[in-house]
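This briefing walks through one protein chain, topic by topic, for a reader who is meeting such a structure for the first time. Please keep the sequence and the 3D view at hand while reading.

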Amino acid sequence: MEHTEKTEVRSFTTSGPPPYPMPEPNATYATGPALAPQTVYVQAPAPGTMLSAEPVMMTCPHCSQQIQTRVVYESGALTWLLVGGSLLIGCWLGCCLIPTCIDACKDAVHTCPNCKNFIGKYKRL
Ligand SMILES: [Zn+2]
């Protein structure tokens, strides 16, 4: 009896191309916009923009100095709207003038403490 071990070596080599194309791992990376380093220096904003109700640090467009704006509050549209609203509600006895005393509902007028020039106005409405 001749004993010959037949070792069947079945080659599972995938000769053909895979049915589904493998996605390239590199291609799936979402390449967002390049992270530009944030510029720290403050450019003089256009009047009316970048202003808030609080004093802001900025470069004065008039004297080009790094200043903190000086804010003066004056009655704006919202103030008088609240006055009108108070009148409608029925606050006749001077209560309607309360909004004119509240800075929070007033427009903020930004001026430069250095050159005293008008920079911009922050409007509530
Ligand atoms: Zn100035």
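Strand β4, which covers residues 107-111, runs antiparallel to β5 and is joined to it by four bridges. Within this pairing, V109 stands opposite K121 of β5.

**The chain as a whole**

- Of the 125 residues in the protein chain, 13% are buried.
- Among the contacts in the protein chain with a separation of 6 or more, 54% are between residues 24 or more positions apart.

- Although K123 and D107 are 16 residues apart along the chain, their C-alpha atoms are separated by 4.8 Å.
- When neighbours within four places in sequence are left aside, K123 is in contact with G76 as well as with D107.
- Is K123 buried, partly exposed or exposed? K123 counts as partly exposed because it has 15 C-beta neighbours inside 10 Å, a number that falls between the limit of 12 or fewer for exposed residues and that of 20 or more for buried ones.

**T100, between helix and strand**

- T100 is found in the loop that links α1 (77-89) to β4.
- Which residues does T100 touch, if those up to four places away in sequence are not counted? They are S75, T79 and V83.
- The C-alpha atoms of T100 and L82 are separated by 8.6 Å, with the two residues 18 apart along the chain.
- T100 is partly exposed, because 15 other C-beta atoms lie within 10 Å.

**Two residues with positive phi**

- Most residues other than glycine have a negative phi, which is the background for the next two points.
- S64 is a residue other than glycine with a positive phi, near 55 degrees, and its place is in the loop between β1 (57-59) and β2 (66-68).
- S64 counts as exposed because it has 11 C-beta neighbours inside 10 Å.
- K116 is also a residue other than glycine with a positive phi, in this case near 65 degrees, and K116 sits in the loop between β4 and β5.
- K116 is exposed, because 10 other C-beta atoms lie within 10 Å.

**Confidence in the prediction**

- The average pLDDT of the protein chain is 74, and 56% of the residues score at least 70.
- Among the elements of the protein chain, β2 has the highest mean pLDDT, at 95, whereas α1 has the lowest, at 79.

Key
Residues are numbered from 1 along each chain as its sequence is written. This is a predicted model: local features need pLDDT of at least 70, side-chain atom pairs count only at pLDDT 80 or more; totals for chains, interfaces and linings use all residues. Two residues are in contact if their C-beta atoms, placed from the backbone, lie within 7 Å. Two strands pair if DSSP finds at least two bridges between them. pLDDT is the predictor's confidence in each residue, from 0 to 100.
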